[in-house]
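Q: Please take me through some of the labels used for this structure. For each one, I would like the value, the cut-off and the conclusion.

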Amino acid sequence: MDLVACIIWARWRRWRSARGRWSRAESLAPKLADSGVFAASAAVVMWAWFYLPERLPKSYGKWIGEVAKVDSRLIEALRRARRGVFVYGKDTGQAPLLESMCKDYGWPIEWGDPSKTIPIPCEMVHMSCGPNCEKHAVSRYYTASLILGTVALAYGSVPLYKMICQQTGWGGQPILTHRGGDADTASRVTPVTDARRLRITFNGSVSDVLPWKFTPQQREVRVLPGETALAFYTATNKGPSDIIGVATYSVTPGQVAPYFSKIQCFCFEEQKLNAGESVDMPVFFYIDPDFTKDPQMKGIDTITLSYTFFKARYDDNGVLKPIPTN
């Protein structure tokens with residue numbers, strides 16, 4: 001879906017720019033899309049955590065619960081209120097749920113009876129952090145910022161290293177995309193027609209603990225610098241159970257990596273295959289036109305893109321990690 005959206009958006013931009021109609025709003029749209037999708041996704045996750053926790057991975061529920069530091073009985077009361085079971089001003093037999101919570105925390109017992117106390121006191125909602133909602137919000141925001149900052153620093157080191165490699169080509173990793181002045185790749189994907197065609201070959205392998213078959217569908221393609229190309233790999237789970245895999249990639253010769261730009265691929269993302277399932281995995285890429293201007297690229301006519309799949313699983317903190325090979 002991402003691949004199709006990228007292609008459609010690039011064509012739309014070229015069509016609008018050719019007619020002088022490309023607007024500032026359209027330039028900002030790609031920059032705001034990620035944050036908009038993230039905000040919407042976060043809202044859906046939090047809604048599900050409150051009202052449909054069974055639909056979330058256990059690691060999500062555990063992590064959110066630890067950060068929120070809210071008694072599970074209070075969350076259950078909110079869920080029952082949504083279902084119309086926990087009703088303010090009526091004796092619906094729900095008092096024991098929060099009354100037991102009041103006993104444990106040393107609060108007045110009547111706070112737990114919705115027929116007597118309307119609404120649930122802020123002292124309960126904020127878990128003894130005080131009756132002042134504004135003060136509590138600032139306190140929780142500060143605490144959450146510290147927690148998220150620590151988690152981001154701990155788990156962001158690997159993605160940060162990957163991002164640096166993708167932007168510089170270190171370690172033989174292809175650059176994610178070359179960016180133009182308006183953060184769009186359309187200006188880079190113009191074939192250099194007077195350049196020689198490059199032979200792009202493909203290689204696929206799996207770790208020895210992953211019972212998958214992973215092969216490229218084509219042995220090679222030939223492209224001009226600046227010309228986009230679409231290649232496919234096929235992965236088949238030959239094991240008896242569902243397995244999660246994560247792929248890493250590299251380009252050889254390594255000095256070509258700064259010019260090998262991937263618009264879309266499946267690398268570093270969770271790929272779950274059911275037992276016996278086969279899927280096709282696309283790679284959409286191009287060789288940056290600046291390849292032709294680099295004297296060190298003169299003798300290079302063949303470039304190899306290699307992927308290796310590793311077996312992976314989620315740890316206790318909900319982080320996806322590769323399983324070491326034997």
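A: A polar contact is a pair of N or O atoms within 3.5 Å; within protein, one must be able to donate a hydrogen and the other to accept it, and residues adjacent in sequence count only if both atoms are side-chain atoms. The model is predicted: local features need pLDDT of at least 70 and side-chain atom pairs pLDDT 80 or more, while totals for chains, interfaces and linings use all residues. Residues are numbered from 1 along each chain as its sequence is written, and side-chain values use heavy atoms, leaving out hydrogens and water.

Q: What does the side chain of N237 reach, and at what distance?
A: The side chain of N237 reaches the backbone oxygen of S241 at 2.9 Å.

Q: Which residues does N237 touch, beyond four places away in sequence?
A: Contact means heavy atoms within 4.5 Å. By that rule N237 touches P211, W212, D242, I243, L273, N274, A275, G276 and E277.

Q: What makes W212 and F309 an aromatic pair, and which kind is it?
A: Rings of Phe, Tyr and Trp (its six-membered ring) pair if their centres lie within 6.5 Å; planes under 30 degrees apart are stacked, over 60 edge-to-face, and the rest tilted. The centres of W212 and F309 are 5.2 Å apart and the planes make 55 degrees, which gives a tilted pair. W212 in strand β2 and F309 in strand β9 are 97 residues apart. W212 is buried because its relative accessibility is 6%, and F309, at 0%, is buried too. Both rings belong to a cluster linked by ring pairs, whose members include Y249, F266 and F285.

Q: How do you know that K262 lies over the face of Y249?
A: A charge sits over a ring if NZ of Lys or CZ of Arg is within 6 Å of the ring centre and within 35 degrees of the ring normal. K262 is at 4.3 Å from the ring centre of Y249.

Q: Why is strand β5 described as enclosed?
A: Seven of the ten residues of β5 (residues 243-252) are buried, so the strand is largely enclosed by the rest of the structure.

Q: What makes β5 and β7 a pair of strands?
A: Two strands pair if DSSP finds at least two bridges between them. Three bridges join β5 to β7 (residues 271-273), and the two run antiparallel.

Q: What is the peptide bond from T252 to P253?
A: Most peptide bonds are trans. The bond from T252 to P253 is cis, with omega near -5 degrees. P253 lies in the loop between β5 and β6.

Q: Which residues touch the most other members of the largest nonpolar core?
A: A nonpolar core is a set of buried Ala, Val, Leu, Ile, Met, Phe, Trp, Tyr and Cys residues joined through side-chain atoms within 4.5 Å. The largest has 34 residues, and I200, F266, F285, I287, I303 and Y307 touch the most other members. A second, separate core of ten residues includes A77, M101, C102 and I120.

Conventions. Buried means under 20% relative accessible area, exposed over 50%, partly exposed in between (1.4 Å probe, protein chains only). Helices (H or I, at least four residues) and strands (E, at least two) are DSSP runs, numbered from the N terminus.
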